[in-house]
Amino acid sequence: MRKVLAFDLGGTKFAFGVVAEDGTVLGSGRVETLAEAGPAQAVQRVAAAAQQLLTELKLKPADLLAIGIASPGPLDTARGCVDGSPNLPGWTGYSIEGELSKAFGHLPARIDNDCNAAALGEYVFGAGKGKRNLVYLTISTGIGGGAVIDGRLMRGANGNAAELGHIPLTMDGPRCGCGNQGCWEAYASGTAIARRTREALAAGRPSSILKFAGSIEQVTTHHLFQAMAEGDALAQDIWAESINYLGRGLGAVINTFNPDIIVVGGGVTAAGDALFVPMRAKAFAYAFPRLGAVCAIVPAALGGNVGVVGAAACAFEAAGSP
Ligand SMILES: [Zn+2]
């Protein structure tokens with residue numbers, strides 16, 4: 001069975017794995033990124049660790065089809081590098097793609113935005129198997145997106161397509177990490193939901209959330225879910241508002257892409273049906289009925305493997321397979 005080498009670059013961890021063409025992870029590992037120390041040391045260490053994994057699996061670079069790299073954006077895909085990523089300061093201009101290719105016998109290599117890679121991963125190996133039009137969304141510290149339309153991963157002019165978290169919902173809303181105001185993720189990411197909860201508590205509304213969190217500063221979405229489970233009114237209000245924001249954004253996504261399926265991952269999906277049931281209803285209320293009628297909204301299937309498996313899907317695509 002054909003295999004690829006996949007890398008999942010993050011601000012703190014640099015994961016890697018050997019993945020077969022049925023999506024099975026044959027072996028994996030990770031090193032610290034130590035982002036502040038720059039790209040060369042990280043790429044050197046991850047390449048050494050991946051080389052060791054290949055040895056353990058009795059594989060040589062020549063036994064592999066290609067290399068896939070999932071990386072935080074923004075990217076400069078023409079040069080194979082990150083381009084001003086806030087989590088990877090000083091990495092701009094260093095060709096991660098070129099250096100990893102060189103380290104493994106000049107195998108063809110491709111770098112993709114991590115959410116775009118996740119979209120292709122879910123499309124080929126996960127919840128989107130058998131569909132033609134998939135949008136992937138992760139709701140965690142931010143909101144990230146990726147889209148596979150008519151069977152092709154949408155990369156855009158320089159590899160940065162589908163920055164869905166930065167759809168502006170309002171003119172003058174909360175400040176987003178990107179510098180604009182009122183972005184979708186500034187209202188509805190896990191971070192934003194926790195911030196809105198803290199603001200409501202600071203305004204003096206009574207709630208059992210504090211019993212779970214200890215103090216306003218420590219409130220996370222986890223405490224919100226705990227309070228919701230025992231019927232806390234403030235928690236339920238914040239959640240209903242969050243669902244409304246998520247539904248508005250999803251309505252825009254449905255109207256833009258006309259997907260068969262929207263696959264949703266990220267920490268906030270731990271809420272399960274308490275998220276998916278009302279979020280679907282809101283999304284379909286905001287979307288055109290004809291487009292909503294053909295769109296499923298489902299949890300992601302790849303879980304913690306999404307980074308490596310997504311990068312592997314990109315590698316197989318780079319090699320013209322599957
Ligand atoms: Zn933004």
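A nonpolar core is a set of buried Ala, Val, Leu, Ile, Met, Phe, Trp, Tyr and Cys residues joined through side-chain atoms within 4.5 Å. The coordinates are those of a predicted model. By that definition, the largest nonpolar core here has 45 residues. Trp 184, Trp 239, Ile 262, Leu 275, Met 279 and Ile 297 are the members with the most contacts inside it. Helix H8, residues 233-257, supplies the largest share of this core, with 11 residues. Another core lies apart from it and has 29 residues, including Ala 42, Val 43, Trp 91 and Ile 96. In soluble globular proteins, nonpolar side chains tend to be buried together.

Trp 184 can be followed in detail. Leaving out residues up to four places away in sequence, Trp 184 touches, among others, Leu 137, Ile 143, Leu 164, Tyr 245, Leu 246, Leu 250 and Val 253. Gly 165, Ser 189 and Gly 249 are also among its contacts.

The metal site comes next. Four atoms coordinate the zinc ion at 2.0 to 2.3 Å: ND1 of His 166 and the SG atoms of Cys 176, Cys 178 and Cys 183. The angles among the 4 donor atoms run from 104 to 121 degrees, and the site is tetrahedral. For four tetrahedral donors the ideal angle is 109.5 degrees. Along the chain, the donors follow the spacing H-x9-C-x1-C-x4-C. His 166 and Cys 176 both lie in the loop between strand S10 (152-153) and helix H4 (184-188), so the pair ties together parts that are 10 residues apart in sequence.

Note on methods. Residues are numbered from 1 along each chain as its sequence is written. This is a predicted model: local features need pLDDT of at least 70, side-chain atom pairs count only at pLDDT 80 or more; totals for chains, interfaces and linings use all residues. Side-chain values use heavy atoms; hydrogens and water are left out. Buried means under 20% relative accessible area, exposed over 50%, partly exposed in between (1.4 Å probe, protein chains only). Helices (H or I, at least four residues) and strands (E, at least two) are DSSP runs, numbered from the N terminus. Contact means heavy atoms within 4.5 Å. Donors are N, O and S atoms within 2.8 Å of the metal (3.2 Å for Na, K and Ca); water is not among the atoms, so sites may look incomplete. Four donors count as tetrahedral if all angles lie between 85 and 135 degrees; four count as square planar and six as octahedral if opposite donors are over 155 degrees apart and all others between 65 and 115; anything else is irregular.
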